[in-house]
Amino acid sequence: MQSRYYFFAVLPSIFLAIFNTQSSHAVSIIYEKDIENNISSDKVIYRVGNREGQASVTEIKPLQRGGTPGLLRVLRDAFPDWRFLTAEPKVNPLYSLNGEFRVNQYYACGNLTSCGFPTTSTLVGGVGALLSVEYIPGEGDPGIINNINWIQRVVSNHSATSGTHDDKEDILDTRSVEEPFYFPKQDYKPNFFDRPYRGDSENSHYWNAELFLAQRIGRDTVMIYDGISWGWRNQTKRSRQDYCPVSSNNSGQNCSYYDFSDSLSSGNEQDNFQLSKLTPGKKFYAYIDNDIAGNQCNPNTYLTASGIRTLINDDDNSSEIGDGFASALTGIIPNDGAINFNVRAANPGARGEDKGNYELNVMVFDNEADFPHVVGSSGGGGVSTERPGLTQQNPILPSAKEGNWQVFRNVPGCRWYDPHTTYGFEFQALDDTLFTEILDFPIGDDDRFTVSVGDRILGEFGAGDSVDFVSLFGSGISNFKITDIDSLLGSTAETAFPIQLAFNDRRGSFKMRPISQETSPQSTPESTSVLGLLALTAWGIIKAMKIRP
């Protein structure tokens, strides 16, 4: 009798264990030839007008079955009379796919790149990407029957409808107003092809898509299956060659150009550069570019110059290129024809401001009439430019809202960010962004906050503390929570609870939403697991059966 009791008690635990360990991504992603290896290294460098640009595609990643909350929201907004069902196995166990997404082509396009299919047309003046992907059904997949199509959601900073840059969009990408599918009135179609682009390649863009397989059931019901995320982005900056303007007497370039490259590895490091044999009395302009590929936190540079009439110290963040942390200054070449430049972190030791690569550029102008900057009476100076995110008091604010999520799209890393406050917040990374570190917490009456990842509480932290997720987990993370926020810190909603974050790249996207005290995480021993709890439950049932009369 005891073995029978044991069998019936343990059997539900076995089923539950299998159920809980089933992957939410049944469809695999495969690549033709070396496409996967080329994605991270394939950059398209282009030039348009007086700007230089770089375009690249984002990593293709699997998405959960049944669609994301954002996809379901745009579907219901666009087609409120339709029903959208999930193919997640927990809800519909029979609707599980085991096929493959085969990526046949995937690359970025510059303004003069062949960007057709296969390569038959050219984007003139545009920038974007090309994706060709095919679904290969597995044995028993419902996709081999009929009515399979594709559904795609697009989020970008340039609406294709309005054609206006920085007019953000979050839309359902469909060719029909009658159906939510990418291909209108299309039966089973395993091949998906898209070539999104924008014509203003002189501007920087982000374009992110969620692409799902979907099956039409009846007249107005859709079953959503597995999906992938993909997209592209480009960054532009003013070309170096065009910083020296054409002379007023049409004699050609009107200045001499000098540049240095280096990096700051700590808050106390100082780099020195010298220019000599310059023409005394000529005006110069020195500026820093710190928006360099490979930077995680673009350094907040402090630029000084000596050897001229006065010593110039100005952390004014007025460089015309860079990401807002870069400084610039002007001056007049002294009698000995030499200038000594010094570059260091503006706030030595402050996390997020002290490390990274940069370039120092110097222009010496021949004709004073062509000098485009104002030189101070002391012989130098700059124009202060305060940009959001540099301080706790002036944080970067959300750019959009999705339900109760506040969304931050394509923001520079290592800055201060802030929505409205509450008891706590949940942070969720978007696209290919990962959180690598909390660099600092705000200063205020409330000085201790609890940080947790999943069910693991990392501890209490306050102003001046940092949390290095890479050291704790071996890599960046996509989700964490901060709770025990007891009081407002700023005098306005915009400065209520700012926080300084670092990403796995120099720019990133994420969203955050308020959470209540009732839903805050509880401390859980790391050794406790679902299987352990199920086994304990089974043991209790056995004991109860054994003592039954």
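User: What is the torsion about the S-S bond of Cys 297 and Cys 414, and which hand does that give the disulfide?
Analyst: The torsion is about -65°, so the disulfide between Cys 297 and Cys 414 is left-handed. Keep in mind that this is a predicted model.

User: What is a disulfide, anyway?
Analyst: A disulfide is a covalent bond between the sulfur atoms of two cysteines.

User: How far apart are the sulfur atoms here, and how many disulfides does the structure hold?
Analyst: The sulfur atoms of Cys 297 and Cys 414 are 1.9 Å apart. The structure holds 1 disulfide. This pair links distant parts of the chain, 117 residues apart. Cys 297 is in the loop between strand E16 (283-289) and strand E17 (301-306), and Cys 414 is in the loop between strand E24 (405-412) and strand E25 (415-417).

User: Is Cys 297 buried or exposed? And Cys 414?
Analyst: Cys 297 has 9% relative accessibility, so it counts as buried; the cut-off is under 20%. Cys 414 is buried too, with a relative accessible area of 1%.

User: New topic: strand E10. Which residues are on its covered face?
Analyst: In strand E10 (residues 191-194), Phe 192 and Asp 194 make up the covered face. Asn 191 and Phe 193 are on the uncovered one.

User: Which strand is joined to E10 by 4 bridges, and do the two run parallel or antiparallel?
Analyst: Strand E7 (residues 127-136) is joined to E10 by those 4 bridges, and the two run antiparallel. Glu 134 has Asn 191 of E10 as its bridge partner.

User: Now the rings. How many aromatic pairs are there?
Analyst: There are 26 aromatic pairs in the structure. One of them joins Phe 183 to Phe 192 edge-to-face, with 6.3 Å centre to centre and 70° between the planes. Both Phe 183 and Phe 192 are buried.

User: Why is the pair of Phe 441 and Phe 449 stacked?
Analyst: The planes of Phe 441 and Phe 449 are at 15° and the ring centres are 6.2 Å apart, so the pair is stacked. Planes under 30 degrees apart count as stacked. Phe 441 counts as buried at 1% relative accessibility, and Phe 449 counts as buried at 0%.

User: Which rings are linked into a cluster?
Analyst: Ring pairs link a cluster whose members include Phe 408, Tyr 417, Phe 425 and Phe 510.

User: Last one: what lies over the face of Tyr 302, and what over Trp 405?
Analyst: Arg 344 lies over the face of Tyr 302, at 4.3 Å from the ring centre. Over the face of Trp 405 lies Lys 511, at 4.6 Å from the ring centre.

Note on methods
Residues numbered from 1 in each chain as written. Predicted model: local features only at pLDDT ≥ 70, side-chain atom pairs only at ≥ 80, totals over all residues. Heavy atoms only, no water. Disulfide = S-S within 2.5 Å. Buried < 20%, exposed > 50% of the residue type's maximum accessible area, 1.4 Å probe, protein only. Pairing = 2+ DSSP bridges. Phe/Tyr/Trp six-rings, centres within 6.5 Å; stacked < 30°, edge-to-face > 60°. Lys NZ or Arg CZ within 6 Å of the ring centre and 35° of its normal.
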